[in-house]
Structures are given as C-alpha cells and as structure tokens.
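Q: Can you walk me through this fold? Keep it quick, please.

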Amino acid sequence: MPKHSPSNLNPRSPLVLDTRDLPRRPGAMRTVKRVAPAPADLGVELIGVPEGADLDLDLRLESVSEGVLVSGTISGPVRGECGRCLREINDSVVVNVQELYAYEDSTTDETTDEDEVGRMQGDLIDLEPALRDAVVLTLPTNPLCREDCPGLCPECGVHWDDLPADHSHQQIDPRWAGLSQLNRTEE
C-alpha cells in the first residue's frame, strides 16, 4: 500500500480546504463560499487568469465512504490577447469542479492509481491542482477577441478592421502594366 507523504499544506491558504468540521460519515455536507487569489501561471500561452485575481469559490464538500467529494463552481477574470489580431481580451471564466479526495489509508490506495483520485493530507484538501486542471482545460488555446475577427494584414500588420475595403499591396510589374488595363471595364 503506497503512503502519500504530506507536502505540509498550510490550512490558512485560501485554496486549502479544512474538513475538520465535516463529519466523516457518508451524506454529511457543508458549503464553502470564499474569494481566493489566483495562483501564478493559471492559464495557457495567450490567455489566463492574472496572478492574484479574485476567484469566487462556491463549493460543496460532501462526505462519502472513501473520502470527501468536492463539487461546485469557480469563477474569475481572464486576460489575454487575440490569436488573430493581438488585441487585448478581458473576459471571465466559470468552471465546474467535481473531485473526490480520498481519506489517507482508504481502500482507494489499493484500487486506484496515485494520480486517479485526489488525496487528503490529514483533514486538508489542496484544491489548487483541481482548479488548475479545470481552468486550463476550459480556456481556448487560440483565443479570439470576437468570433469573426479578421486579424491583421499580412503585408503591413494593420488590423483589417482599420483598413479601407479596397486595401491592397499588389504591385504590378511595370513591364505588364499595359495588360492590367485589359481587365478594366470602360464606363
């Protein structure tokens, strides 16, 4: 049976849940509503939750036979840049979380792999890994400022929205300039 070494969780950390006041009998439940600062590097390359931003935690902790089931929502702001035009994106994200945290020395040690189920450390639950997984998997890898963002002109780098409709960088070889007149319709 593998032993899980505690990494000395701080019970006062906003992303650590203390379950001492939750009876260890199936069906016992309590709710947790709090605001916690976002940890560092919570996102993907172009978009993420700014470090220290307020995350609203609205969670339910429920005792089950093997541990504590944590479920609920976490919401907060996201900042980034559009993958097409590089404009700033200011939005918000709401993620659902549902994670089982097994009691120390429960039968889940024998029936599951170490990474399959979260593990409690004494009476403490480290919510950060589940939060990180939920947020990162929700964020787009190529975020857009709007669905129909046209991006930038590949020649001059100006936003297509800021350019006139007839914008072009087509250069005609002077040797063929006379032929271009053949395509024009006379008025």
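Predicted model: local features only at pLDDT ≥ 70, side-chain atom pairs only at ≥ 80, totals over all residues.

**Thr19 and its surroundings**

A: Leaving aside neighbours within four places in sequence, Thr19 is in contact (heavy atoms within 4.5 Å) with Arg30, Leu61, Val68, Met120, Asp123 and Ile125.

Q: Where does Thr19 lie?
A: In the loop between β1 (16-18) and β2. Helices (H or I, at least four residues) and strands (E, at least two) are DSSP runs, numbered from the N terminus.

Q: Thr19, buried or exposed?
A: Thr19 is buried, with a relative accessible area of 3%. Buried means under 20% relative accessible area, exposed over 50%, and partly exposed in between, with a 1.4 Å probe and protein chains only.

Q: How much of the chain counts as buried?
A: 33% of the 187 residues.

Q: Switching topic. Which residues touch the most other members in the largest nonpolar core?
A: Val49, Leu59, Val70 and Ile74, out of 36 residues in that core. β2 (29-37), β4 (47-49), β5 (54-64), β6, β7 and α2 (128-138) each supply at least two of its residues. β7 gives the most, with five. A nonpolar core is a set of buried Ala, Val, Leu, Ile, Met, Phe, Trp, Tyr and Cys residues joined through side-chain atoms within 4.5 Å.

Q: What does Ile74 touch?
A: Not counting residues up to four places away in sequence, Ile74 touches Leu55, Asp56, Leu57, Leu59, Val93, Val94, Val95, Val97, Leu127 and Leu131.

Q: Now strands. How do β6 and β7 run, and how many bridges join them?
A: β6 (residues 67-81) and β7 (residues 88-102) run antiparallel, joined by 15 bridges. Two strands pair if DSSP finds at least two bridges between them. Gly80 has Ile89 in β7 as its bridge partner.

Q: What about the hairpin?
A: Six residues sit between the strands β6 and β7. Leu86 takes a positive phi there, near 65°.

Q: And how does β7 run with β8?
A: Parallel, with two bridges joining β7 to β8 (residues 118-119). Ala102 stands opposite Arg119 in β8.

Q: Last one. How many helices and strands does the chain have?
A: Three helices and nine strands.

How values were computed: Residues numbered from 1 in each chain as written. Heavy atoms only, no water.
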